Amino acid sequence: MLENIQATVEAWPFLARGLWVTIQLTVLGSALALVLAIILGLMAGAPARALSVPGRIIIEFFRGTSLVVQLFFIFFVLPQFGIDLPGMVVGVLALGLNYGAYAAEVVRGSIASVPRGQWEATTALSMSPVHRMRRVIFPQAWALMIPSLASLMVHLLKGTAIVSVILLQDFTFHLDQLRRVTDTTWAYAVVGLVGYFVLALALTLVMNALEARAKHRLGRGPSLREILSPTPTAKDSLSTAGRGF
Amino acid sequence: MPTPTDPAATPIIEFRDVEKRFGDNVVLKNLDFHVNRGERVTLIGPSGSGKTTILRLVMTLEEATDGLILIDGDPLTHRIVDGRRVRLSNREIKRTRTRIGMVFQQFNLFPNMTVIQNITESPIHVLGQSKAEATRRARDLLHQVGLDDKADAHPSSLSGGQQQRVAIARALAMDPEILLLDEVTSALDPEIVGEVLGILRRIAETTDITMLIVTHEMQFARDVSDRVLMFDGGSIVEDADPDTMFTAPAHERTRKFLKAVLGEGQIGTR
């Protein structure tokens, strides 16, 4: 036990470096996934078939092929066509494409579930399709999609572990190094478990905050400041009193 | 009361042989009618008779499956070219659409915007008004509907009646020539209906906006309308001024309908 702790402390600089790689992959991969999800989700939900059909094909392709295969493809096959990308870029690209395709379905579904009356009101006010999406529909869909996006992000975080197959030295890679000097149980079941759990928890807290903010903007639920303030003020209890007359 | 319109002038709304089908279900058939500029026309009839569909066609929320709708003589969604019925471009449709406003049964305020943002959004971004100009007008309209103090409130903090008053202000902020009112009091508590109808009465008295109204509030229909159209099964059964319609309807179908909604003994017989 003591040796294990000792070894972990000694390995900490490496583990920290691995954690940093995992965090980068998660944040950059999620950012790319979100951008792709919004583009593909809007395409797939568009009334014009010239947009929706390609959107659907891209989504189904990247959802239907496994992350490992996509990773190998970008890492080993693309260089043969002269496209040689650094490991980090390959990791972010594969994670972004794979999870972006899943998230695109979330985006499309959330947009479709904004009540019909909202769409009709924008027509009655002569808004253009872009204006309608940007100012009315998307802000409402955003609040609906955050919980599902959050759970996909946690999946993505855990998905980053497989990038060690393309020799990226992430947290899992360094856990494996640690295993050699300690033992499997310690490295994976204690250090690994705690490491990934803390990262996932941090991610979930950030997404919960985003969700609370998005809902507050739609007039549902208290503001973030009210949630975070330790003592509720009189103003807070007023604003949470709901629809009084 | 609006000034009597010149019957020879181009009607502001004209339906020519309009048909609306949803699959096999024919909602409107061979419908011909017109509304003159400044007229207030109420559509009555049993549910499913096609009244609301008419408003939705004028607002371009639906498109007719056959026939033509003209707004001030201009085709709304389709025109006839070389004997064939062709759809207009979205740009052309939008140009006519900005002349028309609508208030919905369910208010449909945007929950992600404050009251004032709801009202100024389209005047600024669609009509190109300056923010200061749009805000000034919005505050004026809020005053008219008695909600001066709610400019920065969120729709979710308002009662149904207040939300509907904001929705009326929002529609008026676009300065529509035609205002469509689709059962605007049906989702409200009975004691709040009066305040909303009062505001609409005042708008009817102080402006010359053409109004096409679907309502179950027969007293309101009688008070503000120049003309009442009785619908049944997708066709007009009777077209009369409100006094005639409500006291001496010519058709048995109208009598039956009014008896059902107003109760026995309310309708004078010839």
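Predicted model: local features only at pLDDT ≥ 70, side-chain atom pairs only at ≥ 80, totals over all residues.
1. Fold of chain A. The secondary structure of chain A consists of 10 helices and zero strands. Read from the N terminus, the order of elements is accordingly α-α-α-α-α-α-α-α-α-α. Taken along the principal axes, the box filled by the C-alpha atoms of chain A is roughly 70 × 55 × 20 Å.

2. Extent of the interface. On one side, 24 residues of chain A are in contact with chain B, and on the other, 31 residues of chain B take part. The two chains bury an area of about 2300 Å² between them. Carbon and sulfur atoms give 55% of that area.

3. Polar and charged pairs across the interface. Two salt bridges are counted between chain A and chain B. A salt bridge joins the side chains of A:Arg135 and B:Glu121, with an N to O distance of 2.6 Å. Nine residue pairs are in polar contact across the interface of chain A and chain B, with both residues of each pair at pLDDT 80 or more.

4. Elements of chain A that face chain B. Three helices of chain A, namely α5 (116–124), α6 (129–159) and α8 (184–217), each supply at least two residues of the side that touches chain B. Which element gives the most to this side? The answer is α5(A), with eight residues. By class, the side of chain A that touches chain B comprises eight nonpolar, 11 polar and five charged residues.

5. The cavity. In the whole structure, one cavity of 30 Å³ or more is found. The space in the largest cavity is about 40 Å³. Its lining draws on both chains: A:Ala121, A:Ala124 and A:Leu125 from chain A, with B:Met102, B:Phe104, B:Ala167, B:Arg170 and B:Ala171 from chain B. The elements giving two or more residues to this lining are α5 of chain A and α5 (160–172) of chain B. Of these, α5(B) provides the largest share of the lining, three residues. In class terms, the lining of the largest cavity has seven nonpolar residues, no polar residue and one charged residue.

6. Salt bridges in the whole structure. Over all chains, the search finds 29 salt bridges. Side chains of opposite charge can pair when their charged atoms come close. One case within chain A is the salt bridge between the side chains of A:Arg56 and A:Glu60, at 3.1 Å from N to O. Where do A:Arg56 and A:Glu60 lie? Both belong to helix α2 (residues 49–64) of chain A, four residues apart, which is about one turn of the helix.

Definitions and conventions. Residues numbered from 1 in each chain as written. Chains lettered and ligands numbered in written order. Heavy atoms only, no water. Contact = heavy atoms within 4.5 Å. Buried area = accessible area lost by both parts, 1.4 Å probe. Salt bridge = Lys/Arg side-chain N within 4 Å of Asp/Glu carboxyl O. Polar contact = N/O pair within 3.5 Å; in protein donor to acceptor, adjacent residues only side chain to side chain. Nonpolar A, V, L, I, M, F, W, Y, C, P; charged D, E, K, R; others polar. 1 Å grid on protein atoms, 1.4 Å probe; cavity = no way out; pocket = protein on both sides within 12 Å on 5 of 7 lines; lining within 4 Å. Points joined across faces, edges and corners; volume = space filled by probe spheres on them.
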